[in-house]
Amino acid sequence: MSLAQTLCVALLGLDGHVVTVEVDIADGLPMYSLLGLPDAALSESRDRVRAAMVNCGESWPNRKVTVSLSPAWLPKSGSSFDVAICIALLSAHQSIDPAKIRDVVFIGELALDGRLRSVRGVLPSLMAAYKTGVRTAVVPTANFEEASLMHNMEIIPMEHLKKILLWLRTGERECSQEFDLEWEPNDDRLDFADVAGQVQARLAAEIAATGGHHILLIGPPGTGKTMIAERIPTIMPALNIAQALEVTAVHSLAGTFATRSPTSLIAPIVSPHHTTTRVAMVGGGAHAIKPGACSLAHNGVLFIDEAPECPSGVLDSLRQPLEAGTITIARSIGNVTFPAQFLLVLAANPCPCGKFSGRGRNCTCSSQQVRRYLGKLSGPLMDRIDMRVYLDPVGRLDMARTELGESSAEIRQRVITARTIADARFKGLGWSLNSQIPSRALRTTFKPERAAMSFLHDELESEHITARGLHKIARVGWTLADLHGHEVPMLADIKLAHSLRSGVEQ
Ligand SMILES: Nc1ncnc2c1ncn2[C@@H]1O[C@H](COP(=O)(O)OP(=O)(O)OP(=O)(O)O)[C@@H](O)[C@H]1O
Ligand SMILES: [Mg+2]
Ligand SMILES: [Zn+2]
């Protein structure tokens, strides 16, 4: 037979489509054509496949070779089709039994000597293959760990083309060491116990982790803004398996397992530098479309240090994900959507020189400069921030204290308890966090107690807060109520929420 086929997967964002790789070898002048919207990297597969085959002692068919990737309309990119093309070719060349490769997906890039190189997006590819009924996959050994997350599939890790051929021809296969896949629930390296003082910022972090409220931390250098932000994932509940798979799939596509283990259940934290570009923030790219920081932070924390230094276009690009929980990147080949539901944590110095504090000591900036500095954080973005907390320089007393602050584990326990209460309250309503309560519901079903409401209305009347501010305070009030075990937000909860919103020092 001179016609054969294998399976592979094309990814459009996180969406995978199983692709049939067909190879036909016909008589005629030696030539090779690759059909089905391949990009440049994929078109180069011919040279990689040929070199790998020849270097593994196989012969290249010196005839007319046609490789067709279908469905043809689907754009295909990257080098992960190499192995599937190579195996189909050898099968059409009659050196592999077609029955052996039926219903197996082959994923991997070939090095010129026949080794299998790791590729991006193995997990989302396998998820798509599984959905269409494929149960067996050959992947590069380097991708075995993430592939093993697909419990219901037989995953065959391979490091060399020769070994694949040996297996297909004789059934012989080195027993690969099974991954004893254990999800990793906690990380003890960072702990809130390390943070001295900063009572208000610690409380704000706890509220943020509980209700999903975005926060801005303002303070002079060295007061612990970065320290606190980095520790927020340690007080968030562990991800459930479905969330963890989503996070791992995004990281698989971005190729960022150096910074995060595929089996981690800890909420991710991503901190793009303030010199970052729009594409790095929300995703995109010239060739393969990669997810950006806001998608890598999905189900976790997006931390932007020195936020006022960030070009405003970059910060404003977060509006869509903050609104929708997803980010859509428009391309000529169609739109690609990535998940992007994150807790936004911004940090800022109070002024350009960084030394401004309530008492104004040491600061060399003019009052106009001070005002303008935080003003760089645009209105639309600040509208999404529920708490604005000032950090004071850590006092000598705080640092001298020998007992440590409360540990992350203790705080996390409270966060989980409060989240459980909120979860039960919002059952069947389509949201689960207090930060997601729609404004209308805040005026009807989810109204704070009467005294709290009249306090808010007074504040509104005297123009201390706006209508939008009122809603934010009410939402944070709900989170405080859950943390304090109150049935509805009481006056004290609302007053505390109010002070956290405006950054009034207590
Ligand atoms: N509240 C604190 N408790 C204990 N150590 C602290 C505290 N604040 C600062 N430190 C110490 O100072 C170092 C710097 O803190 P951190 O980077 O969090 O400050 P920052 O506010 O982010 O400063 P910058 O504005 O320069 O980014 C920490 O690594 C820690 O050793
Ligand atoms: Mg910092
Ligand atoms: Zn200053």
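Start by selecting Ser295, which sits in helix α12 (residues 293–296); helices (H or I, at least four residues) and strands (E, at least two) are DSSP runs, numbered from the N terminus. This is a predicted model, in which local features need pLDDT of at least 70 and side-chain atom pairs count only at pLDDT 80 or more, while totals for chains, interfaces and linings use all residues. Residues are numbered from 1 along each chain as its sequence is written, chains are lettered from A and ligands numbered from 1 in the order in which they are written, and side-chain values use heavy atoms, with hydrogens and water left out.

**Around Ser295**

Ser295 has a relative accessible area of 1% and is buried. Buried means under 20% relative accessible area, exposed over 50%, and partly exposed in between (1.4 Å probe, protein chains only). Now show Pro339: its backbone oxygen is 3.0 Å from a polar atom of the Ser295 side chain. A polar contact is a pair of N or O atoms within 3.5 Å; within protein, one must be able to donate a hydrogen and the other to accept it, and residues adjacent in sequence count only if both atoms are side-chain atoms. Beyond its neighbours within four places in sequence, Ser295 touches Val250, Ile327, Phe338, Pro339 and Ala340, where contact means heavy atoms within 4.5 Å.

Move along to Asn299, in the loop between α12 and β14. Its phi is near 65°, a positive value in a residue other than glycine. Asn299 counts as buried, at 16% relative accessibility.

**The sheet**

Select the five strands of the open sheet next; their order is β11-β14-β17-β10-β18, and the pairing is parallel. β11 (269–270) and β18 (387–390) are at the edges with a single partner strand each, so one side of each has no neighbour in the sheet. Two strands pair if DSSP finds at least two bridges between them. Two bridges link β11 to β14 (residues 301–304) in the parallel sense, and Val270 has Leu302 of β14 as its bridge partner.

**Helix α9 and ligand 1**

Go to α9 (residues 225–235), which gives three residues to the shell around ligand 1, the largest share. Eight of the eleven residues of α9 are buried, so the helix is largely enclosed by the rest of the structure. Among the buried ones are Lys225, Ile228 and Arg231. The elements they pack against include α8 (199–211), β10 (215–218) and β17 (343–348).

Now show ligand 1. Which of the 15 residues around ligand 1 come nearest? They are Ala196, Gly222, Lys225, Thr226 and Met227; a residue is near a molecule or strand if one of its heavy atoms lies within 4 Å of it. A nitrogen atom of the ligand is 2.8 Å from a polar backbone atom of Ala196. An oxygen atom of ligand 1 is 2.9 Å from a polar backbone atom of Met227. The protein covers 67% of the 630 Å² of accessible area that ligand 1 has on its own, by the Shrake-Rupley method with a 1.4 Å probe.

**Two loops**

Finish with two loops. Pro71 is in the loop between β4 (64–70) and α3 (82–92), and a cis peptide bond with omega of about 5° joins Ser70 to Pro71. Asp103 is in the loop between α4 (98–101) and β5 (104–106). The phi of Asp103 is near 65°, and Asp103 is exposed, with a relative accessible area of 52%. Most residues other than glycine have a negative phi, and most peptide bonds are trans.
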